[in-house]
Structures are given as C-alpha cells and as structure tokens.
Amino acid sequence: MKRFLRAENGNRIHWDELAEVHAESYDYEELIKGGHVMDRIQTGEIGEVRNRSLLHLQCHIGTDTLSWARLGADVTGVDISPDSLRVAERLAKKAGLKARFIESSVYDLPDKLNESFDIVYTSIGVLCWLSDLSAWARIIRRYLKPGGFFYMMESHPFLWVFDDESDGLIVRYPYFHGEDPDEWPADYPDYSDSNYIVQSPSWEWQWTMGDVLNALIENGLEINFLHEHNVIPWKALPCMIKGDNGFWRLPDGMDKLPLMFSLRAY
Ligand SMILES: C[S@@+](CC[C@H](N)C(=O)[O-])C[C@H]1O[C@@H](n2cnc3c(N)ncnc32)[C@H](O)[C@@H]1O
C-alpha cells in the first residue's frame, strides 16, 4: 500500500471534495423522517440486524450505515475521508440515530479499533478504491466475531468493460488489469449531481470476480453465497432505464448481463 500512497492520498482529497456535494444530492430524506434508505436486496440477504454489531467499511457520508442503525444494528462506520465523516455525523444527529464513525484507511484500522463484530459490511462503489484486496480481506477476517459474517453488494466487474459514453454495449475497457491504478483526470460530472463538475483526479483499480473471491478465500473466509443481479442503483451506462423498484437495468433485449453481485462469507 505504501507503494500507492500518492493514489490513496489523491483519492482522499477526491472524496473530501465530494462529501458536501453528496450531502445535497444523495436521497436520504427517509432517514430524517424516521425510515431508512436500504434496498430490498440487501435487507433480504442480510436479514435481521437488531442488536447486532455492524462494522461498515468505506461508509462515505453514512447513509447506509445509518440505515442499518435505524434497523436496529449497533453501527461503526469507517472511511478515509474526514469530510465525508463530518457529513455522516451531521446526518446521524439530524436523524436522531446513534452511530460511531472512525476516520481511517481500511488497511490502517487495527491502529484505531480493537474490537470484533457480528457483521462486517461494505457496498457499492468500494472495490475500485482498494489497491490490495488481500490486505482488505485480512482486515475483514480480523474484525469478524466467531460465527459473524461478511456481506457485500457491489457493481459486477464485468460491467466495467463497456463504453460508458456509448448508447450500445460496446466493449471498450479490459476486464483483466495490471497492478497499477488507472488515473482519472478531473473535469467530468459527478455521478450523483450531474451539474457538479469534479475538480480533483482519482485513481482506481479494476478487480475481476476471481480477484475478489480468491482474496477472501485465500485469507480464510468461506463463501456462503454469491448472487448476480441484473439491476444496479445508479445509471452506470447511458442506455440504462429505471425500473419501478428504484434500480436501473438494461433495456429489454439487452437485459442479459449481470450488473451487480452480492456475497456472504463466514
Ligand atoms: C462510493 S463511496 C462509498 C459507497 C457508499 N455505498 C456510498 O455510495 O455512499 C466510496 C468511499 O470509499 C472511501 N475510501 C476510498 N479509499 C478508502 C480506503 N483506502 N479506506 C477507507 N475508505 C476509503 C471514500 O472516501 C468514499 O467515501
């Protein structure tokens, strides 16, 4: 990770920049009104969280962390971006929810947190910021109580081969990758607020499904299920359409590809 310190610091600046933008653009009204913003796939697959301790890795502005708190979990959110966590703490207050937030890179967490949890959780838009999946998997294992489980839901690695500027499904990017991240220069619309033009560059790693599963397996986790889904929570490709359930999907006829996966491991 030391090797990628410049990329990690750059990504922290990138996410600090977006924290207040997302404080305005993320849809979390339900949290403030006393509900939650967790989707049915995750609530169904994770099940009852009441009175269970939950560690949320890469929690950003905490909307998902606070949703689990609303559903009764005792939550701890971790993120590298201090500005994101400031927004998360503000939201917790507004929603009247108890949550603990810790500023840390995933890899450095043992320097700051010495506990274990019933559930270790992470979701959507997380893997591409990680330079070392093996170290990530060791952290997950480190924080699981005996009998506890790890759950994640994330965009499907196969989705990232397609051209995100074309209306069709045109393969533009490689599925496989080298060790170094791709540098994305600034100056593109933010995914949540298309009127906001992102000012800071970011560095992303593309991981294959094999990379993810093998990192977990090689570090002692046993995969309990792997589900592939044909929906995703945001418009990842221009041709996608929004369904009644709030998720985006490919139009009829193209709808033959996985867009997201979820997994549970012990
Ligand atoms: C897309 S967001 C989190 C996903 C969450 N589902 C959401 O949309 O709010 C990605 C988060 O990962 C965090 N992050 C990136 N690299 C990290 C690292 N090495 N350790 C901890 N957090 C990191 C960023 O600060 C950002 O808040």
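**Ser155 and its surroundings**

Leaving aside residues up to four places away in sequence, Ser155 touches Ile124, Trp160, Ile232, Trp234, Leu259, Met260 and Phe261; a contact here means heavy atoms within 4.5 Å. This is a predicted model, in which local features need pLDDT of at least 70 and side-chain atom pairs count only at pLDDT 80 or more, while totals for chains, interfaces and linings use all residues. Residues are numbered from 1 along each chain as its sequence is written, and side-chain values use heavy atoms, with hydrogens and water left out.

Ser155 is in strand S5; helices (H or I, at least four residues) and strands (E, at least two) are DSSP runs, numbered from the N terminus. Ser155 counts as buried because its relative accessible area is 7%. Buried means under 20% relative accessible area, exposed means over 50%, and partly exposed is in between (1.4 Å probe, protein chains only). The side chain of Ser155 makes polar contacts with the side chains of Glu154, at 3.4 Å, and Trp160, at 3.1 Å. A polar contact is a pair of N or O atoms within 3.5 Å; within protein, one must be able to donate a hydrogen and the other to accept it, and residues adjacent in sequence count only if both atoms are side-chain atoms.

Ile232, a neighbour of Ser155, also touches Leu159, Met240, Phe247, Trp248, Leu259 and Met260, again not counting residues up to four places away in sequence.

Which residues touch the most other members of the largest nonpolar core? They are Ile46, Trp68, Tyr121, Tyr151, Ile232 and Met240, in a core of 45 residues. A nonpolar core is a set of buried Ala, Val, Leu, Ile, Met, Phe, Trp, Tyr and Cys residues joined through side-chain atoms within 4.5 Å. The elements that give two or more residues to this core are helices H1 (5-25), H3 (40-46), H4 (63-70) and H5 (82-95), and strands S4 (117-123) and S5 (144-155). H5 supplies the largest share, six residues. A second, separate core has 36 residues, including Ile102, Leu113, Leu130 and Met152. In soluble globular proteins, nonpolar side chains tend to be buried together.

Ile102 lies in strand S3 (residues 100-103) and counts as buried because its relative accessibility is 11%. Ile102 and Pro82 are 20 residues apart in sequence, and their C-alpha atoms are 8.8 Å apart in space.

Now to the loop between strand S1 (53-57) and H4, where Gln58 is found. Gln58 has a positive phi of about 60 degrees although it is not a glycine. His60 is in the loop between S1 and H4 as well, and its phi is also positive, near 50 degrees. Most residues other than glycine have a negative phi. Gln58 is buried because its relative accessible area is 16%, and His60 is buried because its value is 9%.

The side chain of His60 also has an N or O atom 3.0 Å from an oxygen atom of the ligand. A polar side-chain atom of Asp79 lies 2.5 Å from a ligand oxygen atom, and a polar backbone atom of Ser123 is 2.9 Å from a ligand nitrogen atom. Taken alone the ligand exposes 590 Å², and the protein buries 95% of that; accessible areas come from the Shrake-Rupley method with a 1.4 Å probe, and for residues only the protein chains shown count as cover.
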